[in-house]
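Here is a short note for a colleague meeting this structure for the first time. Please keep the sequence and the 3D view open while reading.

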Amino acid sequence: MDIIQEYFNKWRQKFEEIAKKAEIATGNVWQHLKTGPNMADTAWGRLSQGTRLLSEGGFENVYRQTFQTAPDEQLLKTYACYLSTSAGPVAGTLYISSRQIAFCSDRPLSYQPALGQTAWSYYKVVVPVDRLQVVTGTSSSQNASEKYIKIQTTDGFEFWFMGFVNYDKAIRNLQAAQVQSS
């Protein structure tokens with residue numbers, strides 16, 4: 001009887017661990033969808049991104065087409081997230097490579113280059129890893145589920161990212177890139 005009880009206790013513990021991970025992942029996905037101006041648009045954007053990835057051969061190909069890369073540069077990780085801007089959060093993908101941290105919006109954004117003209121462009125940010133000074137994780141004082149990652153560069157720029165589906169891995173990999181560059 002003790003053996004059976006011990007067996008069930010082990011499975012109960014494993015189930016509790018899996019349930020806890022599922023709860024965290026669900027909360028992160030919910031927070032990601034909630035961060036955008038419209039949940040339906042955010043979900044549609046994720047589906048559009050998936051279609052683009054399939055048609056263009058995956059994150060590696062999209063990354064190399066979107067940014068200037070060195071031949072020996074390796075794409076290490078990618079994360080769906082938002083970049084905080086003065087105009088509001090911009091949905092996109094954060095790329096961590098062996099040489100740079102880069103962000104590109106999921107869709108082109110409109111801007112006015114001259115009075116009466118409208119142009120469209122993807123919102124991009126590129127930070128060489130040797131310019132990373134500090135990578136800090138934080139959460140909102142009013143809502144602990146709102147988590148942010150701040151990247152500071154050696155030349156004084158700050159970039160705030162939020163709405164990560166996998167925040168813990170993102171902060172860990174960004175901090176590893178910063179340590180590697182030191």
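1. Start with a definition. A residue counts as buried when its relative accessible area is under 20%, as exposed when that area is over 50%, and as partly exposed in between. Glutamine 100 has 10% relative accessibility, so this residue counts as buried. Bear in mind that this is a predicted model.

2. Stay with glutamine 100. The residue sits in strand β3. Which side chain does the side chain of glutamine 100 join in a polar contact? The partner is tyrosine 63, at 2.8 Å. Tyr63 is also among the residues that glutamine 100 touches beyond four places in sequence. Others include Phe67, Gln68, Thr69 and Glu73. Tyr95 is on that list too, as are Val126, Val127, Pro128 and Val129.

3. Now the sheet as a whole. Seven strands form an open sheet, in the order β6-β3-β2-β1-β9-β8-β7. The pairing is antiparallel. From one strand to the next, the twist averages 30°.

4. Helix α3 covers residues 59-66 and touches β1, β2, β3 and β6. The direction of α3 makes about 105° with that of β2. Helix α4 covers residues 167-181. Its contacts are with β1, β2, β3, β7 and β8. The direction of α4 makes about 160° with that of β7.

5. Look next at β1 and its partners. Strands of a sheet pair through backbone hydrogen bonds, either parallel or antiparallel. β1 and β2 pair in the antiparallel sense, over 10 bridges. They form a hairpin, with 2 residues between them. Lysine 77 stands opposite isoleucine 96 in β2. On to β9: 2 bridges join β1 (residues 75-85) to β9 (residues 158-162), and these strands also run antiparallel. Here tyrosine 82 faces methionine 162 in β9.

6. Valine 90 belongs to strand β2. Is valine 90 buried or exposed? Its relative accessibility is 9%, so valine 90 counts as buried. Beyond four places in sequence, valine 90 touches Cys81, Tyr82, Leu83 and Thr85, and also Phe103, Ser105, Leu109 and Tyr123. Arginine 107 is 17 residues away along the chain from valine 90, and their C-alpha atoms are 9.0 Å apart.

7. A word on cysteines. How many disulfides does a search of the whole structure find? The count is 0. Cysteine 81 is buried, at 0% relative accessibility. Cysteine 104 is buried as well, with a relative accessible area of 4%.

8. Finish with serine 98, in the loop between β2 and β3. At 23% relative accessibility, serine 98 counts as partly exposed. Which residues does serine 98 contact beyond four places in sequence? They are Asp72, Glu73, Gln74, Leu76 and Val129. Glutamine 74 is 24 residues from serine 98 in sequence, and the C-alpha to C-alpha separation is 5.3 Å.

Definitions and conventions
Residues numbered from 1 in each chain as written. Predicted model: local features only at pLDDT ≥ 70, side-chain atom pairs only at ≥ 80, totals over all residues. Heavy atoms only, no water. Pairing = 2+ DSSP bridges. Helix = DSSP H or I, 4+ residues; strand = E, 2+ residues; numbered from the N terminus. Axes fitted to C-alpha atoms, helices over the stretch in contact; angles between N-to-C directions. Contact = heavy atoms within 4.5 Å. Buried < 20%, exposed > 50% of the residue type's maximum accessible area, 1.4 Å probe, protein only. Disulfide = S-S within 2.5 Å. Polar contact = N/O pair within 3.5 Å; in protein donor to acceptor, adjacent residues only side chain to side chain.
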